[in-house]
Amino acid sequence: MKLIFKAHFFKILFFGSMISLLSACTEVKKSEPVIYLIPENYAGSLYIIFNAPNGHPPKYEDGSRVYEIPPSGILVTQMDANEGWIENSQIQYFEVSNTNERTPISEDSSLKDKDKDTTDDGETRTVYVGGLGESGPIYGCTVINQNFTVGTDAEQTDKKNLFSIYDAIKRKNIDEKLFKGMCKNSKDVTSPQ
């Protein structure tokens, strides 16, 4: 009985040590700080499509990635997806006027504890971040993209302002040349599905 107990103890010790060692060797990837520049008064769905060889080149400002969203609401960029964890303080959203004046926009207030002394009249413009995912086929490719919405509560829930990535590319006439060379297995570019 004593021998079985010792064997069981050493198995637990061995596997516990292995799990601890593997956990210590696993590194959590940290994302780069980000600045989102959104056209003034834009309301509705926004998309960033990553890894497009003919997309907009990488842009940085004081060590932060800059995503300058065009009036179409769809940015096709050469940058890779900014995966990993990031502190909220390293994510900035701005509305940009025609004179390049920046006005901060906060993340969706419905996801945060509201201050007891203030009331939200629904007219505050916020950003609601949807996340990072894959969509496709778009011009024959599966694309990595980030989607979010911007506007007042009413603007963010108005169906005329909301669209899928497929509708966005068709409606906004996103140039298929931006996607050329994006598919490793495809030679020809075809229309989005």
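Asparagine 41 counts as exposed, at 55% relative accessibility, where exposed means over 50% relative accessible area, buried under 20% and partly exposed in between (1.4 Å probe, protein chains only). The residue lies in the loop between β1 (34-39) and β2 (44-49); strands (E, at least two residues) and helices (H or I, at least four) are DSSP runs numbered from the N terminus. Although asparagine 41 is not a glycine, its phi is positive, at about 65 degrees. Asparagine 100, in the loop between β6 (91-96) and β7 (102-107), likewise is a residue other than glycine with a positive phi, near 65 degrees. With a relative accessible area of 60%, asparagine 100 is exposed. A further backbone feature is the cis peptide bond between glycine 136 and proline 137, with omega about 5 degrees. Proline 137 belongs to strand β8 (residues 126-138).

The model is predicted, with local features requiring pLDDT of at least 70 and side-chain atom pairs counted only at pLDDT 80 or more, while totals for chains, interfaces and linings use all residues. Residues are numbered from 1 along each chain as its sequence is written, and side-chain values use heavy atoms, with hydrogens and water left out. The average pLDDT (the predictor's confidence in each residue, from 0 to 100) is 79 for the protein, and 73% of the residues score at least 70. In residues 111-119 the pLDDT is below 50, and this stretch has four contacts in the model beyond near neighbours in sequence; a contact means heavy atoms within 4.5 Å. Residues 186-193 also stay under 50 in pLDDT, and the model gives them 15 contacts beyond four places in sequence.

The secondary structure consists of three helices and nine strands. Read from the N terminus, the order of elements is α-β-β-β-β-β-β-β-β-β-α-α. The nine strands form an open sheet with mixed pairing, in the order β3-β4-β1-β6-β7-β8-β9-β2-β5; two strands pair if DSSP finds at least two bridges between them. The edges are β3 (60-61) and β5, each of which pairs on one side only. Strands β2 and β5 run parallel and are joined by three bridges. Tyrosine 47 stands opposite isoleucine 74 in β5.

Of the 193 residues in the protein, 35% are buried. The largest nonpolar core has 35 residues, of which Ile38, Ile49, Tyr67 and Phe179 touch the most other members. At least two residues of this core come from each of β1, β2, β5 (74-76), β6, β8, β9 (141-151) and α3 (165-171). Apart from this core lies another, of five residues, including Ile35, Val66, Phe94 and Val96. A nonpolar core is here a set of buried Ala, Val, Leu, Ile, Met, Phe, Trp, Tyr and Cys residues joined through side-chain atoms within 4.5 Å. Not counting residues up to four places away in sequence, phenylalanine 179 touches Ile49, Val76, Ile138, Tyr139, Val143, Ile169 and Ile174.

Among contacts with a separation of 6 or more, 66% are between residues 24 or more positions apart. The accessible surface of the protein, from the Shrake-Rupley method with a 1.4 Å probe and, for residues, with only the protein chains shown counting as cover, comes to about 12600 Å². Carbon and sulfur atoms account for 53% of this surface.
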